Amino acid sequence: KPMALQFVDWMTGLARGDLGTSLWTGRSVADEVMLRLGLSLELAIISTLIAVALAIPAGVLAAVRQDTRVDYALRLISIGGLGVDFLFMALAPTLALLFVGRIINGITAASFSTASAYVADITPVEKRAKAFGMMGAAWGFGFVIGPVIGGLLGDINLRLPFYVAAAMALTNWLYGCFLLPESLPKERRAK
(Lines give C-alpha, C1' and ligand atoms only; values in the text may rest on other atoms or scores of the structure.)
Protein backbone atom coordinates (compact mmCIF):
# COMPACT_ATOMS: atom_id res chain seq x y z
CA LYS A 1 0.00 0.00 0.00
CA PRO A 2 1.21 3.53 -0.65
CA MET A 3 2.34 5.43 2.43
CA ALA A 4 -0.50 7.97 2.12
CA LEU A 5 -3.15 5.21 2.19
CA GLN A 6 -1.46 3.55 5.17
CA PHE A 7 -1.56 6.87 6.98
CA VAL A 8 -5.26 7.39 6.17
CA ASP A 9 -6.02 3.83 7.35
CA TRP A 10 -4.08 4.43 10.55
CA MET A 11 -5.83 7.76 11.27
CA THR A 12 -9.24 6.23 10.53
CA GLY A 13 -8.50 3.37 12.90
CA LEU A 14 -7.26 5.78 15.55
CA ALA A 15 -10.49 7.80 15.27
CA ARG A 16 -12.43 4.55 15.86
CA GLY A 17 -10.36 3.83 18.97
CA ASP A 18 -8.05 1.27 17.36
CA LEU A 19 -4.62 1.78 18.95
CA GLY A 20 -2.99 -0.92 16.84
CA THR A 21 -1.80 -4.43 17.50
CA SER A 22 0.74 -5.46 20.12
CA LEU A 23 3.87 -6.85 18.52
CA TRP A 24 4.35 -9.06 21.58
CA THR A 25 0.93 -10.70 21.94
CA GLY A 26 -0.65 -10.00 18.55
CA ARG A 27 -3.80 -8.67 20.26
CA SER A 28 -5.29 -5.19 20.14
CA VAL A 29 -3.39 -2.66 22.27
CA ALA A 30 -6.69 -1.22 23.52
CA ASP A 31 -7.79 -4.71 24.62
CA GLU A 32 -4.45 -5.26 26.37
CA VAL A 33 -4.74 -2.00 28.28
CA MET A 34 -8.39 -2.59 29.20
CA LEU A 35 -7.60 -6.15 30.28
CA ARG A 36 -4.88 -5.08 32.68
CA LEU A 37 -6.15 -1.76 33.99
CA GLY A 38 -9.87 -1.75 33.32
CA LEU A 39 -9.84 1.98 32.49
CA SER A 40 -12.32 3.59 30.19
CA LEU A 41 -11.81 6.71 28.10
CA GLU A 42 -14.26 8.64 30.26
CA LEU A 43 -12.32 7.92 33.46
CA ALA A 44 -9.04 8.87 31.81
CA ILE A 45 -10.53 12.21 30.72
CA ILE A 46 -11.94 12.89 34.19
CA SER A 47 -8.58 12.18 35.86
CA THR A 48 -6.82 14.49 33.40
CA LEU A 49 -9.34 17.28 34.11
CA ILE A 50 -8.81 16.84 37.86
CA ALA A 51 -5.04 17.03 37.38
CA VAL A 52 -5.34 20.22 35.31
CA ALA A 53 -7.74 21.82 37.80
CA LEU A 54 -5.39 21.15 40.71
CA ALA A 55 -2.33 22.44 38.83
CA ILE A 56 -3.67 26.00 38.70
CA PRO A 57 -3.05 26.84 42.41
CA ALA A 58 0.56 25.62 42.15
CA GLY A 59 1.08 27.81 39.09
CA VAL A 60 -0.36 30.86 40.88
CA LEU A 61 1.86 30.22 43.90
CA ALA A 62 4.91 29.91 41.63
CA ALA A 63 4.06 33.22 39.93
CA VAL A 64 3.48 35.06 43.23
CA ARG A 65 6.66 33.72 44.86
CA GLN A 66 8.83 34.05 41.75
CA ASP A 67 12.60 34.53 42.23
CA THR A 68 12.62 33.23 45.81
CA ARG A 69 13.60 29.96 47.48
CA VAL A 70 9.93 29.01 47.13
CA ASP A 71 10.42 29.09 43.35
CA TYR A 72 13.35 26.66 43.67
CA ALA A 73 11.34 24.39 45.98
CA LEU A 74 8.39 24.39 43.57
CA ARG A 75 10.68 23.22 40.78
CA LEU A 76 11.72 20.23 42.87
CA ILE A 77 8.16 19.52 44.01
CA SER A 78 7.01 19.62 40.38
CA ILE A 79 9.58 17.08 39.23
CA GLY A 80 9.09 14.89 42.31
CA GLY A 81 5.31 14.88 41.85
CA LEU A 82 5.74 13.68 38.29
CA GLY A 83 7.94 10.80 39.45
CA VAL A 84 5.49 9.83 42.20
CA ASP A 85 2.62 9.89 39.68
CA PHE A 86 4.49 7.53 37.36
CA LEU A 87 5.10 5.19 40.31
CA PHE A 88 1.39 5.25 41.12
CA MET A 89 0.62 4.42 37.48
CA ALA A 90 3.06 1.51 37.58
CA LEU A 91 1.91 0.09 40.90
CA ALA A 92 -1.78 1.02 41.23
CA PRO A 93 -3.89 -2.15 41.56
CA THR A 94 -7.13 -0.13 41.70
CA LEU A 95 -8.63 2.80 39.89
CA ALA A 96 -8.82 4.77 43.14
CA LEU A 97 -5.05 4.63 43.61
CA LEU A 98 -4.54 5.61 39.99
CA PHE A 99 -6.67 8.70 40.71
CA VAL A 100 -4.53 9.46 43.78
CA GLY A 101 -1.44 9.49 41.56
CA ARG A 102 -3.11 11.74 38.99
CA ILE A 103 -4.23 14.12 41.77
CA ILE A 104 -0.67 14.30 43.15
CA ASN A 105 0.59 15.06 39.66
CA GLY A 106 -2.15 17.65 39.17
CA ILE A 107 -1.26 19.43 42.39
CA THR A 108 2.45 19.46 41.60
CA ALA A 109 2.31 19.76 37.80
CA ALA A 110 4.42 22.56 36.41
CA SER A 111 7.27 20.85 34.58
CA PHE A 112 7.27 22.99 31.45
CA SER A 113 6.73 26.29 33.21
CA THR A 114 9.41 25.61 35.82
CA ALA A 115 11.86 24.51 33.12
CA SER A 116 11.08 27.69 31.19
CA ALA A 117 11.63 29.82 34.31
CA TYR A 118 14.99 28.17 34.94
CA VAL A 119 16.12 28.68 31.33
CA ALA A 120 15.01 32.33 31.51
CA ASP A 121 16.95 32.81 34.75
CA ILE A 122 20.26 31.36 33.51
CA THR A 123 20.25 32.61 29.91
CA PRO A 124 21.27 36.12 28.86
CA VAL A 125 18.46 38.06 27.17
CA GLU A 126 20.15 38.01 23.75
CA LYS A 127 20.43 34.19 23.81
CA ARG A 128 16.97 33.36 25.21
CA ALA A 129 15.26 32.81 21.85
CA LYS A 130 17.83 30.18 20.95
CA ALA A 131 17.61 28.56 24.40
CA PHE A 132 13.80 28.40 24.28
CA GLY A 133 13.98 27.04 20.73
CA MET A 134 16.33 24.28 21.88
CA MET A 135 14.08 23.53 24.83
CA GLY A 136 11.03 23.34 22.56
CA ALA A 137 12.91 21.03 20.20
CA ALA A 138 13.85 18.78 23.12
CA TRP A 139 10.22 18.62 24.29
CA GLY A 140 9.07 17.91 20.73
CA PHE A 141 11.64 15.14 20.39
CA GLY A 142 10.39 13.70 23.68
CA PHE A 143 6.80 13.73 22.43
CA VAL A 144 7.88 11.81 19.33
CA ILE A 145 10.34 9.32 20.81
CA GLY A 146 8.60 8.83 24.20
CA PRO A 147 5.61 6.90 22.84
CA VAL A 148 7.94 4.77 20.71
CA ILE A 149 10.06 3.84 23.72
CA GLY A 150 6.92 3.38 25.84
CA GLY A 151 5.43 1.08 23.21
CA LEU A 152 8.56 -1.03 23.02
CA LEU A 153 8.79 -1.26 26.80
CA GLY A 154 5.05 -1.92 27.04
CA ASP A 155 5.45 -4.98 24.83
CA ILE A 156 7.83 -6.40 27.44
CA ASN A 157 5.58 -5.53 30.39
CA LEU A 158 2.57 -3.19 30.36
CA ARG A 159 3.77 -1.38 33.50
CA LEU A 160 7.45 -1.11 32.50
CA PRO A 161 7.09 2.27 30.68
CA PHE A 162 5.77 3.79 33.91
CA TYR A 163 8.66 2.37 35.97
CA VAL A 164 11.17 3.76 33.46
CA ALA A 165 9.42 7.16 33.35
CA ALA A 166 9.36 7.26 37.17
CA ALA A 167 13.07 6.42 37.31
CA MET A 168 13.86 9.18 34.82
CA ALA A 169 11.73 11.76 36.66
CA LEU A 170 13.12 10.84 40.07
CA THR A 171 16.70 10.88 38.70
CA ASN A 172 15.93 14.37 37.41
CA TRP A 173 14.64 15.27 40.88
CA LEU A 174 17.85 14.00 42.51
CA TYR A 175 19.88 16.05 40.02
CA GLY A 176 17.78 19.10 40.91
CA CYS A 177 18.28 18.53 44.64
CA PHE A 178 22.00 17.87 44.72
CA LEU A 179 23.68 19.12 41.55
CA LEU A 180 21.59 21.80 39.84
CA PRO A 181 22.66 25.24 41.08
CA GLU A 182 20.18 27.94 42.07
CA SER A 183 19.23 29.76 38.90
CA LEU A 184 19.43 33.32 40.20
CA PRO A 185 22.43 34.92 41.87
CA LYS A 186 21.74 36.25 45.37
CA GLU A 187 21.63 39.89 44.22
CA ARG A 188 18.76 39.17 41.77
CA ARG A 189 16.60 37.19 44.20
CA ALA A 190 13.48 38.73 45.76
CA LYS A 191 13.61 39.28 49.50
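Reader: Which residue forms a salt bridge with Arg102?
Author: A salt bridge here is a side-chain nitrogen of Lys or Arg within 4 Å of a carboxyl oxygen of Asp or Glu. In this predicted model, the closest N and O atoms of the pair are 2.6 Å apart. The partner of Arg102 is Asp85.

Reader: Why does the pair tie together parts that are apart in sequence?
Author: Helices are DSSP runs of H or I with at least four residues, strands are runs of E with at least two, and both are numbered from the N terminus. Arg102 lies in helix H5 (residues 95–108) and Asp85 in helix H4 (residues 69–91), so the parts tied together are 17 residues apart in sequence.

Reader: Is Arg102 buried or exposed?
Author: Buried means under 20% relative accessible area, exposed over 50%, and partly exposed in between, with a 1.4 Å probe and protein chains only. Asp85 is buried, and Arg102 is also buried.

Reader: What share of the 191 residues in the protein is buried?
Author: The protein has eight helices and zero strands. Of its 191 residues, the buried share is 27%.

Reader: Which residues are numbered and counted, and how?
Author: Numbering starts from 1 along each chain as its sequence is written, and side-chain values use heavy atoms, without hydrogens and water. Local features need pLDDT of at least 70 and side-chain atom pairs pLDDT 80 or more, while totals for chains, interfaces and linings use all residues.
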